[in-house]
Amino acid sequence: MIRNIQAAIPLAAMAFTLALQPSVNAQDSKAKTLETGTFHGKVHSTSGRATIYREQNGKLILRLTNFKTSNGPDVHVVLIAAKDAADDANFLKGNTERVELGSLKGNEGDQNYEIPSGTDLSKYQTVSIYCERFNANFGAAPLEKF
Amino acid sequence: MTVQTGTWLARKKWILIAVGVPVLVAAWWAFRPEKLWINQKVNEPAPFASTTDAQPLYTGRLEGKAHQTSGRATIYKSSDGREYLRLTDFTTSNGPDVHVILARSDDKDLDQEIVKDNLDSVELGALKGNQGDQNYDLPATADPTKYSAVVIYCERFHAIFGLAKLEPF
């Protein structure tokens with residue numbers, strides 16, 4: 001009887017840890033999709049998807065997929081404090097607040113950009129492919145909650 | 001006479017070159033016209049390992065038609081290859097015999113609130129709840145490239161409560 005109980009204790013412990021495992025795994029969350037939107041752009045035809053992810057370490061990443069725009073001089077990726085940038089308003093207003101994410105890495109293909117920590121995504125709601133030299137908006141993607 | 005014209009032309013030429021070349025260089029630098037023909041392709045991987053997670057394939061926002069409807073509809077492919085539709089932040093009005101269906105997004109029937117004839121569609125099941133996150137398995141026959149609109153559809157009255165046109169994620 002005692003021997004049986006002694007044998008049962010490690011078994012019970014094993015069963016207990018096995019039972020715990022799934023809940024531990026469930027906490028192991030990966031990058032979370034926060035917002036997404038599709039590009040539109042008439043003057044310089046721009047298409048694709050912009051998605052903002054939050055990595056496990058809290059870092060915000062903008063990822064462009066199926067992306068295509070025209071090549072140009074001094075083109076940057078920016079977040080702008082607007083709901084959207086209209087197609088016919090090719091040029092951004094000078095007072096439009098923006099967060100610089102870096103030079104456009106390529107005019108075609110999937111690419112990632114780090115968003116500076118502390119950026120308020122509820123304020124900066126649109127991704128713009130922005131030509132600094134001519135203050136031109138190649139294309140814009142209004143973001144919505146995923 | 002010919003000599004005079006020659007010197008005038010020669011002098012003018014140097015002025016033209018002295019002014020014209022920097023102007024051309026500046027214009028080239030500013031506009032970089034050759035970039036119209038040169039593409040710069042990149043292909044960065046996603047910034048995180050997510051191969052074991054379900055991958056979103058298509059997504060779109062739900063918009064209300066006959067009844068106020070909002071939220072997001074996303075088609076995922078799970079790691080075992082199964083495809084399913086997931087509604088998030090979802091709200092619509094409750095109603096009788098409401099179903100989730102896929103329809104052709106270019107179908108003229110979707111322009112109206114009430115469908116007159118038979119809607120070309122794929123049935124995903126009865127609406128599980130009029131609020132909240134929910135999943136629906138896609139039958140193997142459902143091709144989201146063909147049926148790319150998610151419709152919240154009241155079978156009894158042929159009413160389109162709301163719909164989402166899906167775009168590639």
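**View 1. Where chain B meets chain A.** In this view, 24 residues of chain B are in contact with 26 residues of chain A; two residues count as in contact if their C-beta atoms, placed from the backbone, lie within 7 Å. On the side of chain B that touches chain A, helix H1 (2–31), strand E1 (55–64) and strand E9 (167–168) of chain B each supply at least two residues. Helices (H or I, at least four residues) and strands (E, at least two) are DSSP runs, numbered from the N terminus. By type, this side of chain B divides into 10 nonpolar, five polar and nine charged residues. Here Ala, Val, Leu, Ile, Met, Phe, Trp, Tyr, Cys and Pro count as nonpolar, Asp, Glu, Lys and Arg as charged, and the others, Gly among them, as polar.

A word on the model before we go on. This is a predicted model, in which local features need pLDDT of at least 70 and side-chain atom pairs count only at pLDDT 80 or more, while totals for chains, interfaces and linings use all residues. Residues are numbered from 1 along each chain as its sequence is written, and chains are lettered from A and ligands numbered from 1 in the order in which they are written.

**View 2. Chain B from end to end.** Chain B has one helix and nine strands, and from the N terminus on its elements run α-β-β-β-β-β-β-β-β-β. Along its principal axes, the C-alpha trace of chain B spans about 100 × 45 × 25 Å. The radius of gyration of chain B is 30 Å, whereas a compact globule of 169 residues would have one near 15 Å; the value is taken over C-alpha atoms, and the globule rule is 2.2 Å times the number of residues to the power 0.38. Of the 169 residues in chain B, 24% are buried. A residue is buried if 20 or more other C-beta atoms lie within 10 Å of its own, exposed if 12 or fewer, and partly exposed in between, with C-beta atoms placed from the backbone. Among contacts in chain B between residues at least 6 apart in sequence, 60% join residues at least 24 apart.

**View 3. The largest nonpolar core, and another apart from it.** The largest nonpolar core has 30 residues, and those with the most contacts inside it are B:Val100, B:Ala149, B:Val150, B:Val151, B:Ile152 and B:Leu163. Such a core is a set of buried Ala, Val, Leu, Ile, Met, Phe, Trp, Tyr and Cys residues joined through C-beta atoms within 7 Å. At least two residues of this core come from each of E1, strand E2 (70–77), strand E3 (83–91), strand E4 (98–103), strand E7 (149–154) and strand E8 (159–165) of chain B. E7(B) gives the most, with six residues. Zoom in on B:Leu163: leaving aside its neighbours within four places in sequence, B:Leu163 is in contact with B:Leu62, B:Glu63, B:Lys65, B:Leu110, B:Ala149, B:Val150, B:Val151 and B:Ile152. Apart from this core lies another, of 26 residues, among them A:Phe67, A:Leu79, A:Leu101 and A:Ile129.

**View 4. A four-stranded open sheet in chain A.** Chain A contains one helix and nine strands, and four strands form an open, antiparallel sheet in the order E5-E4-E7-E8. Two strands pair if DSSP finds at least two bridges between them. Strand E5 (98–103) and strand E8 (136–142) of chain A are the edge strands, each pairing on one side only. From one strand to the next, the twist averages 25 degrees; axes are lines fitted to C-alpha atoms, for helices over the stretch in contact, and angles run from 0 to 180 degrees between N-to-C directions.

**View 5. Strand E4 of chain A and its partners.** Five of the six residues of E4(A) are buried, so this strand is largely enclosed by the rest of the structure. Six bridges join E4 (residues 75–80) to the antiparallel strand E7 (residues 126–131) of chain A. Within that pairing, A:Leu79 stands opposite A:Val127, and A:Val77 has A:Ile129 as its bridge partner. E4(A) also pairs with E5(A), in the antiparallel sense over five bridges; there the bridge partner of A:Val77 is A:Gly102.

**View 6. The E7–E8 hairpin of chain A.** E7(A) and E8(A) form a hairpin with four residues between them, and A:Asn135 in the turn has a positive phi of about 55 degrees. Six bridges join these antiparallel strands, with A:Ser128 in E7(A) partnered by A:Ala140 in E8(A). E8(A) is mostly covered, with five of its seven residues buried.
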